[in-house]
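The tour goes stop by stop.

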Amino acid sequence: QVQLVESGGGLVQAGGSLRLSCVASGTALSGRAMGWYRQVSPDETREFVARITGDRITHYADFVKGRFAISRDNAKNTLYLDMDNLKPEDAGVYHCTEYLSGAWGQGTQVTVSS
């Protein structure tokens with residue numbers, strides 16, 4: 001069973017940066033596509049942020065292009081999301097997912113003050 005645990009969220013001022021991590025257990029992530037999604041409020045559905053294929057091809061939502069970067073370290077079984085120039089509207093709970101198994105992490109909270 002694949003388990004994912006996110007970390008790295010926190011409070012940051014607008015224009016600041018954060019690095020989110022997602023550590024996987026139960027399977028090797030090498031070769032598997034993974035993604036980051038965020039939920040800006042409990043009443044809204046999770047929205048796509050970024051994904052990376054097993055071949056390290058990346059895709060981004062338009063609202064994060066040029067500011068966020070997704071990457072992976074297969075040796076550490078870890079997925080990353082580097083977030084720069086954060087805006088108040090980037091606040092929310094960020095979740096990672098591994099597409100093949102459908103596993104999701106519990107999320108990490110990002111708060112951006114204006």
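Is L29 buried or exposed? L29 is buried, because its relative accessible area is 2%. The cut-offs: buried means under 20% relative accessible area, exposed over 50%, and partly exposed in between, with a 1.4 Å probe and protein chains only.

Some ground rules before moving on. This is a predicted model, in which local features need pLDDT of at least 70, side-chain atom pairs count only at pLDDT 80 or more, and totals for chains, interfaces and linings use all residues. Residues are numbered from 1 along each chain as its sequence is written, and side-chain values use heavy atoms, with hydrogens and water left out.

**Stop 1: around L29**

Stay on L29. It sits in the loop between β3 and β4. Strands are DSSP runs of E with at least two residues, numbered from the N terminus. Now show the contacts of L29, meaning heavy atoms within 4.5 Å. Not counting residues up to four places away in sequence, L29 touches A24, M34, R72, N74, N77, T78 and E98. Pick T78 from that list. The C-alpha atoms of L29 and T78 are separated by 7.8 Å, with the two residues 49 apart along the chain.

**Stop 2: the open sheet**

Select β1, β3, β8 and β7. In that order, these 4 strands form an open sheet with antiparallel pairing. Two strands pair if DSSP finds at least two bridges between them. The edge strands are β1 (3–7) and β7 (68–73), and each pairs on one side only. On average, neighbouring strands of this sheet are turned by 15° against each other, direction ignored. The axes behind that angle are lines fitted to C-alpha atoms, and angles run from 0 to 180 degrees between N-to-C directions.

Zoom in on β1 and β3. Strand β3 covers residues 18–25 and pairs with β1 in the antiparallel sense over 5 bridges. Which residue of β3 stands opposite E6? It is C22. If you show side chains here, keep a general rule in mind: in a regular strand they alternate between the two faces of the sheet.

**Stop 3: β4, β5 and β6**

Select residues 34–39 and 47–52. These are β4 and β5, which run antiparallel and are joined by 5 bridges. Y37 stands opposite F48 in β5. R51 stands opposite H59 in β6. β5 and β6 form a hairpin with 5 residues between them. In its turn, R56 has a positive phi of about 70°.

**Stop 4: the aromatic cluster**

How many aromatic pairs does a search of the whole structure find? It finds 2. Rings of Phe, Tyr and Trp (its six-membered ring) pair if their centres lie within 6.5 Å; planes under 30 degrees apart count as stacked, over 60 as edge-to-face and the rest as tilted.

Select Y37 and F48. Their ring centres are 5.6 Å apart and their planes are at 70°, so the pair is edge-to-face. The two residues are 11 apart, Y37 in strand β4 and F48 in strand β5. Y37 is buried at a relative accessible area of 17%, whereas F48 is partly exposed at 23%.

W104 is partly exposed, at 36%. Y37, F48 and W104 form one aromatic cluster.

**Stop 5: charges over rings**

R46 lies over the face of W104, 4.6 Å from the ring centre. The criterion is NZ of Lys or CZ of Arg within 6 Å of the ring centre and within 35 degrees of the ring normal. Then select R19 and Y80. The charged end of R19 sits over the ring of Y80, 4.1 Å from its centre.

**Stop 6: R67**

Go to the loop between β6 and β7 and select R67. R67 is buried, at 9% relative accessibility. A polar atom of its side chain lies 3.0 Å from the backbone oxygen of N85. Leaving aside neighbours within four places in sequence, R67 has contacts that include D82, M83, D84 and D90.

**Stop 7: S114**

Finish in the segment after β11 (108–113), where S114 is found. S114 is exposed, at 86% relative accessibility. S114 touches A14 and P88, not counting residues up to four places away in sequence. The C-alpha atoms of S114 and K87 are separated by 7.6 Å, and the residues are 27 apart along the chain.

How values were computed
A polar contact is a pair of N or O atoms within 3.5 Å; within protein, one must be able to donate a hydrogen and the other to accept it, and residues adjacent in sequence count only if both atoms are side-chain atoms.
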